[in-house]
Amino acid sequence: MAFPLSSAIISHKLSFNVSIAPSTRRSNLKPTHFIFCFNGKDPERSGRSRVYCLPKNNHLKELKDQHGTLTNSYISTRGHTNKLQSLIAVILVFVQISSPLPLVGWDVLPISPANAVLYSPDTKVPRTGELALRRAIPANTNMKTIQDSLEEILYLLRIPQRKPYGTMEGNVKKALKIATDEKDSILASIPTDLREKGSTLYASLIDGKNGLQALLACIKDKDPDKVSVGLASSLDTIAELELLQAPGLSFLLPEQYQRYPRLTGRGTVELTIEKGDGSTFSPEAGGEPRKTAKIQVVIDGYSAPLTAGNFAKLVIDEAYNGANLRSTDQAVLSDNGLDKSNGYSVPLEIKPSGQFEPLYRTKLDVQDGELPTLPLSVYGAVAMAHSEVNEEHSSPYQFFFYLYDKRNAGLGGLSFDEGEFSVFGYATAGRDILSQIKTGDVIRSAKLIEGQDRLVLPDEK
């Protein structure tokens, strides 16, 4: 019988076995061998440590089949008492081997910090466009603290079976205390002409039907479905308040980019897609098959003002009307626009998470822990393709929807292309349409339905 044992800390090039031969006068048991395998010695489970208990007359064959030439150490004893003592000793030896303490002469290979981001299953990158967009809003510090406290509950809800409702309750109470104690600071961060709307949203956040008090009651009832719904509503209200607090860019653009179009906040683009072969899209719930379908994209000027601004200008110039689409396993791409009036050759623009402003013409080193504010690793992420000239600039016209699939990503859930493209928004409505788009389908129209007042165009003169 085999028991798999693994250690995520170390890997050893070591094998040994322990032979325990009970007295034949007291038992008919055959001598037993405990064999420890490390660093891929087990061909069936390469890279995992295993311990085998084998009858003596089979151990040589097993060693030959699974280990090849080994350095073997045999420790024999007699009697059931000695057998138990020896087994305990073996277990203690194995625990010592599996410990992270460095031992002389052993090949200790700890997981480096550079690979921890890509391969850690605990990497907390946003999993939806809505979450990524909410985190990208440059708002009041108190509001961000409230937001962080509530967003932690999103991860706690993923815990199966016994969910930590006590921790969730503590998080909501913390958010309520900050919201109550810092009311004046929160409302003072909102421009005067928007403060009345802000006061209404604030009251809704505290005592509304789906506010923090209601969320606290759902947690006390230990109803995960109600908690999820109430939490989503509270976070939506927080996002609305934060958008009121962030009416424009919180940083100055570099001088050399002042002549580019720029979006100084959020905008919404609606794309109408038509099947190129005359077929239809799947019907909406209770509806009929559709010849056209709509996708809404929220574009974010807070994190990518130049890229979002160039895209918004192309939309209002009707440059994407009639554009052909091409579908691959990983993306839906527009055509390259070589036969159309091109936009601006915008530099690669990526804002690192936690940083004040974007980097230009620089990719992020994700393996070294750098993560973007707007990650590519979200289904429906919208980004510009690279320029055909060099990868330090984005294409002036060609964009794509990223069809993220965690099966093609690292264990941390990050795309292997993360940090290499200018992501500037996410599909927030009509995401189900993306998987139905095929090569040859067409963008019948593209419209900027929100945010035109935040689009700053350069003086064409």
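Gln161 is exposed, with a relative accessible area of 78% (exposed means over 50%, buried under 20% and partly exposed in between, with a 1.4 Å probe and protein chains only). This is a predicted model, in which local features need pLDDT of at least 70, side-chain atom pairs count only at pLDDT 80 or more, and totals for chains, interfaces and linings use all residues. Residues are numbered from 1 along each chain as its sequence is written, and side-chain values use heavy atoms, with hydrogens and water left out.

**The chain as a whole**

- The chain contains 12 helices and 16 strands; helices (H or I, at least four residues) and strands (E, at least two) are DSSP runs numbered from the N terminus.
- Of the 461 residues in the chain, 47% are buried.
- Among contacts (heavy atoms within 4.5 Å) with a separation of 6 or more, 71% join residues 24 or more positions apart.

**Gln161**

- Gln161 lies in the loop between helix H5 (141-156) and helix H6 (165-181).
- The phi of Gln161 is positive, near 60°, in a residue other than glycine.

**Glu318**

- Glu318 sits in the loop that runs between helix H11 (305-316) and strand S8 (323-327).
- Although Glu318 is not a glycine, its phi is positive, at about 60°.
- Glu318 counts as exposed because its relative accessibility is 53%.
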